[in-house]
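Q: I would like to learn how the local features of a structural model are read, one at a time. Could we begin with a helix and work outwards from there?

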Amino acid sequence: MKHTTISLCMITLNEEEFIGRSIRNAKPYVDEIIVLDGGSTDRTVQIAKPAGAQVFHAKWPADFAKQRNRSLKYATKDWILVMDADEFYEKSLLEKLQTWSQNTIGVDMFAFPRKNYLDGKQTDAYPDRQMRFFPNYRGIKYVNKVHEKPVGYELIASPMKSHIIHKKTSLRQQRQNALYKTLGA
């Protein structure tokens, strides 16, 4: 099996609490790590660089899709894996990326179920599928200022046995909800 190269793409803004864990989680399974920082005032950048990320800067445009699309432009590998800075992927998911990228039936988007935790307890938002793995040559881009989603793919697959893990606290959720409200969500 030919090795498929993979770019991990993240957007950040004040993610010092999580960014190190996320990068360490995916690093053994990807060939480059792209972090597009929107102007963090904490230690996000100082943590991401030594962890192995190439850090680029673009002022936060108050539009998640626009920032995601900017991050994808830095990706140079065959496939793109998108991860939020406050997530990590189960090892079983990461171990299958090479197999999924070798598909012969034309799948050009993979969606993974995400388990959401709030204050240590799993929420009822399951499976909350997130479209996160796709080839870097199909013109896939993101739309929607909030709760951005990719468009431009034709055939999607959704393996259900491997998960994205997303853990938040009530305080972080409150801050996020306030941001979404300012963006019109």
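A: Let us begin with helix 3 in this predicted model, whose buried residues are F64, A65, Q67, R68, N69, S71 and L72. Because seven of the nine residues of helix 3 (residues 64–72) are buried, the helix is largely enclosed by the rest of the structure.

Q: Against which elements do the buried residues of helix 3 pack?
A: They pack against strand 1 (6–12), strand 2 (32–37), strand 4 (79–82), strand 9 (130–135) and strand 10 (141–143), and also against helix 6 (170–182). The N-terminal end of helix 3 is capped by D63, a side-chain oxygen of which lies 3.0 Å from the backbone nitrogen of A65.

Q: Is Q67 buried or exposed, and with which residues is Q67 in contact, leaving aside its neighbours within four places in sequence?
A: The general idea for a helix is that residues three or four places apart point the same way, because an α-helix has 3.6 residues a turn. In this case Q67, which lies in helix 3, counts as buried at 1% relative accessibility. Its side chain and that of R70 are joined by a polar contact of 3.0 Å. Once its neighbours within four places in sequence are left aside, Q67 is in contact with I11, L36, D37, G38, A58, K59, W60 and P61.

Q: Why is helix 1 described as largely enclosed, and what covers its buried residues?
A: Six of the eight residues of helix 1 (residues 19–26) are buried, and therefore helix 1 is largely enclosed by the rest of the structure. The buried residues are I19, G20, S22, I23, N25 and A26, and what covers them includes strand 1, strand 2, helix 2 (44–48), strand 5 and helix 4 (91–95).

Q: How should I read aromatic pairs, and how many does the structure hold?
A: A pair of aromatic rings is described by the distance of the centres and the angle of the planes. The structure holds eight aromatic pairs. Another pair, W100 and F110, is stacked, with 5.8 Å from centre to centre and 25 degrees between the planes.

Q: Where in the chain do W100 and F110 lie, and are they buried or exposed?
A: The pair links distant parts of the chain, since W100 belongs to helix 5 (residues 97–101) and F110 to strand 6 (residues 109–112), 10 residues apart. W100 is buried with a relative accessible area of 13%, and F110 is buried with a relative accessible area of 4%. Both residues belong to a cluster in which ring pairs link W79, Y89, W100, F110, F112 and F133.

Q: Which charged ends sit over aromatic rings?
A: The charged end of R68 sits over the ring of Y142, 6.0 Å from the ring centre. In a second case, the charged end of K167 sits over the ring of Y117, at 5.6 Å from the centre of that ring.

Q: Which backbone features in the loops deserve a look?
A: Most residues other than glycine have a negative phi, and most peptide bonds are trans. The peptide bond from Y126 to P127, however, is cis, with omega near 15 degrees, and P127 is found in the loop between strand 8 and strand 9. D128, found in the loop between strand 8 and strand 9, has a positive phi of about 40 degrees although it is not a glycine, and D128 is partly exposed, with a relative accessible area of 23%. H147, in the loop between strand 10 and strand 11 (149–151), has a positive phi of about 55 degrees, although it too is not a glycine, and H147 counts as exposed at 55% relative accessibility.

Methods:
Residues are numbered from 1 along each chain as its sequence is written. This is a predicted model: local features need pLDDT of at least 70, side-chain atom pairs count only at pLDDT 80 or more; totals for chains, interfaces and linings use all residues. Side-chain values use heavy atoms; hydrogens and water are left out. Rings of Phe, Tyr and Trp (its six-membered ring) pair if their centres lie within 6.5 Å; planes under 30 degrees apart count as stacked, over 60 as edge-to-face and the rest as tilted. Helices (H or I, at least four residues) and strands (E, at least two) are DSSP runs, numbered from the N terminus. Buried means under 20% relative accessible area, exposed over 50%, partly exposed in between (1.4 Å probe, protein chains only). A charge sits over a ring if NZ of Lys or CZ of Arg is within 6 Å of the ring centre and within 35 degrees of the ring normal. Contact means heavy atoms within 4.5 Å. A polar contact is a pair of N or O atoms within 3.5 Å; within protein, one must be able to donate a hydrogen and the other to accept it, and residues adjacent in sequence count only if both atoms are side-chain atoms.
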